[in-house]
Amino acid sequence: MIKAVRGTRDLLPPDTALWNFVEKTVREVFEAYNFQEIRTPIFEETQLFSRAVGEETDVVSKEMYTWEDRGRAESDRGHSLTLRPEATAGIVRAYIEHKMWDRGLNKLYCMGPMFRRERPQKGRYRQFYQIDAEVIGPESSGSASPVRDAEILEMLATLLDRLGIKGWTLEMNSVGSSAERVKFNEALRVALEPVKDKMCADCQRRAVTNPLRVLDCKVPEDQPIIEKLPRISQFLDEDSRKHFEQVQEILKAVGVEFEINDRLVRGLDYYTRTAFEFTHGALGAQNAILGGGRYDGLSESIGGPPAPGIGFAIGEDRLVMTLQESMGSIQQKPDVYIAALGEGMDREAARLARELRRGELIVELGDEKFRLKKSFEAADKIGARYILIVGENEAKSGVFALKNLGTGEQVSVPRAELAERIKQVSRLRDR
Ligand code: HAM
């Protein structure tokens, strides 16, 4: 039997209803903050990710799905391509390619699959879904302002509240400007020199190539050493400190709670200044529902003009998982099952179904070969609220037997009143 590849999975009904509920809510909330959708390709040139995300990150050094293109044309051959492990690099590439600075401040979002060759476990997949948002523009558009940082953090708090997710924690840090990061990296290098031989192989390598990445290490034996390393907060200059304070002041003014975590550096190299994560206790080891931060030098690192930006990505798989724990699943239930009884009734039933569906009802259609008992069983199985009997007599008289499958009550309803009658029952469709 051929099965889905390890680390990938099928999303099936009724779970997909929860995914759609999340995505619908996301669109409503993001649009209220004037975000617009962008869709970028699912694969890009490999060098986009190595330059944007950083060669030394786990994502680029270990987890990318990369292949050499084999196209017929000379121009295709030998190109190294990669399935996107994240969305920010592609969006910033699009910003540069389409000179989107002409629009001033861009507030963009996208949703879709990302790919990382990680060890699969609960909440961690090789194909997973992100809901990503980015605010990017030339300096003159105000894209570097702490107002933007606070706005997206407040938007995230609003979204989680709207989804009914309780018990999340927002952790923030400032990881400084790129100049401050250079100084911090140098201090880490010096501090690591006498201790690195006691650390894991990855850390020994990173201590030389990119000491900041040592802070991502999850090996338990390395943690006491990491705990004693210098902290980025000691290296922030006046401007960065002020920027971070302003973000905090606005958050306090709008009533969004946060914690400062000066160990938080995030796993991708492009971050500058504000970096953050929202975590949730219900998720276990993979407890980050979302992460993000500012990336003021990213555009330049892939050949674009200065374009400060900030954004985040929600792990949609994890968001849905927390929702499932709090609200269970939502099931789409048809308003009515139309039972065609007897020869020639399929056509009449199809006409009725068409009318009722145009009246915005969810309709499931039986088959004239079914007996009454089988029709009731079919209606029951899919959770239909009503069953509508379409037999020869009903078709002739234009008055139909409509039975409420919840209460057992049956009434005779003229054709023109059917839709209204069925609609009167409260619907759970939107939640
Ligand atoms: P990230 O922290 O690598 O950031 O990923 C964001 C979120 O995606 C994580 O918090 C997690 O919920 C989810 N995620 C990551 N890997 C997996 C996986 N293997 N399985 C399931 N969920 C996963 C970024 O990707 C940045 N591009 C975010 C960003 C946007 N920063 C600025 N703009």
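In this predicted model, D202 has a relative accessible area of 24% and therefore counts as partly exposed. Its side chain meets that of R205 in a salt bridge, with N and O 3.3 Å apart. R205 and D202 are three residues apart in helix 7 (residues 201–209), so about one helical turn separates them. R205 is partly exposed as well, at 37% relative accessibility.

The count of salt bridges in the structure comes to 28.

| Pair | Closest N to O distance |
|---|---|
| R213 and D216 | 2.5 Å |
| R415 and E355 | 2.9 Å |

In the second pair, R213 is buried at 1% relative accessible area, and D216 is buried at 16%. In the third, R415 sits in the loop between strand 16 (410–414) and helix 15 (418–423), while E355 belongs to helix 12 (residues 345–358), so the bridge ties together parts 60 residues apart in sequence. R415 is partly exposed at 21%, and E355 is partly exposed at 38%. Salt bridges with shared partners also link E56, D58, K62, D202, R205 and R206 into one network.

The whole structure contains zero disulfides. C200 is in none, its nearest cysteine sulfur being that of C203, 3.6 Å away. That distance is too far for a bond between C203 and C200, because a disulfide requires sulfur atoms within 2.5 Å. C203 is buried, with 0% relative accessibility.

On the surface, D237, E238, D239, E245 and E249 form a patch of negative charge. One of these, E245, lies in helix 9 (residues 238–254) and is partly exposed, with 40% relative accessibility.

Methods. Residues numbered from 1 in each chain as written. Predicted model: local features only at pLDDT ≥ 70, side-chain atom pairs only at ≥ 80, totals over all residues. Heavy atoms only, no water. Patch = residues over 30% accessible without salt bridge, like charges linked within 9 Å, V, L, I, M, F, W, Y side chains within 5 Å. Areas by Shrake-Rupley, 256 points an atom, 1.4 Å probe, with all protein chains shown as cover. Salt bridge = Lys/Arg side-chain N within 4 Å of Asp/Glu carboxyl O. Lys, Arg positive; Asp, Glu negative; His and termini not counted. Charge placed at Lys NZ, Arg CZ, Asp CG, Glu CD. Helix = DSSP H or I, 4+ residues; strand = E, 2+ residues; numbered from the N terminus. Buried < 20%, exposed > 50% of the residue type's maximum accessible area, 1.4 Å probe, protein only.
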